Amino acid sequence: QVQLVESGGGLVQAGGSLRLSCAASGRTFSYYFMGWYRQAPGKQRELVASIISEDSTNYADSVKGRFTISRDNAKNTVYLQMNSLKPEDTATYYCAVRSLKSVNYQYWGQGTQVTVSS
């Protein structure tokens, strides 16, 4: 059974940093896309960043230059380093995984709350 467990969320002041982690179990995801989504109250879920390898990453325009996604395949874990946080980054952050052939993300974590105070 595949499980994705996020950690690292919390409350931080604007300008601060947080590092989210997502540990996967039940399958090895070395050749899968791993991504981070977020959803703020009243808004649609949006893709924040995704990674297939260290030299193949994508970011939403709103986080480029501030967030960095990385992965450790040996630990089956994906990370999201979030710097220069803004109040508008406040959301529940979800880890997700999809295969190379899939259009949609197939596996999801339960989410971790990030709150940025002004």
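The model is predicted: local features need pLDDT of at least 70, side-chain atom pairs count only at pLDDT 80 or more, and totals for chains, interfaces and linings use all residues. Residues are numbered from 1 along each chain as its sequence is written, and side-chain values use heavy atoms, with hydrogens and water left out.

**Disulfide**

- The count comes to one disulfide, a disulfide being a pair of cysteine sulfur atoms within 2.5 Å.
- Cys22 and Cys95 form it, with sulfur atoms 2.1 Å apart.
- The torsion about their S-S bond is about -75 degrees, so the disulfide is left-handed.
- Cys22 belongs to strand 3 (residues 18-25) and Cys95 to strand 9 (residues 91-98), so the pair links distant parts of the chain, 73 residues apart. Strands here are DSSP runs of E, at least two residues, numbered from the N terminus.
- Cys22 and Cys95 are both buried. Buried means under 20% relative accessible area, exposed over 50%, and partly exposed in between (1.4 Å probe, protein chains only).

- An open sheet of four strands runs in the order 1-3-8-7, with antiparallel pairing. Two strands pair if DSSP finds at least two bridges between them.
- Strand 1 (3-7) and strand 7 (67-72) stand at the edges with a single partner strand each, so one side of each lacks a neighbour in the sheet.
- The twist averages 15 degrees from one strand to the next. Axes are lines fitted to C-alpha atoms, and angles run from 0 to 180 degrees between N-to-C directions.
- Five bridges join strand 1 to strand 3 in the antiparallel sense.

**Strand 9 and its partners**

- Eight of the eight residues of strand 9 are buried, so this strand is largely enclosed by the rest of the structure.
- Strand 4 pairs with strand 9 in the antiparallel sense over seven bridges. Arg38 has Tyr93 as its bridge partner in strand 9.
- Strand 11 (residues 112-117) runs antiparallel to strand 9, joined by three bridges. Ala91 stands opposite Val114 of strand 11.
- Strand 10 pairs with strand 9 over two bridges, also antiparallel. Val97 has Tyr107 as its bridge partner in strand 10.

**Buried aspartate**

- Asp89 sits in the loop between strand 8 (77-82) and strand 9.
- Asp89 is buried, with a relative accessible area of 1%.
- Beyond neighbours within four places in sequence, Asp89 is in contact (heavy atoms within 4.5 Å) with Arg38, Arg66, Phe67, Ser84, Val114 and Val116.

**Aromatic pairs and charges over rings**

- The structure holds five aromatic pairs. Rings of Phe, Tyr and Trp (its six-membered ring) pair if their centres lie within 6.5 Å; planes under 30 degrees apart count as stacked, over 60 as edge-to-face and the rest as tilted.
- Tyr37 and Trp108 have ring centres 4.9 Å apart and planes at 55 degrees, so the pair is tilted.
- Tyr37 lies in strand 4 (residues 33-39) and Trp108 in strand 10 (residues 107-108), so the pair ties together parts 71 residues apart in sequence.
- Tyr37 is buried at 15% relative accessible area, whereas Trp108 is partly exposed at 34%.
- Phe29, Tyr32 and Tyr107 form one aromatic cluster.
- The charged end of Arg19 sits over the ring of Tyr79, 4.0 Å from its centre. The rule asks for NZ of Lys or CZ of Arg within 6 Å of the ring centre and within 35 degrees of the ring normal.
- Arg45 lies over the face of Tyr94, 4.1 Å from the ring centre.
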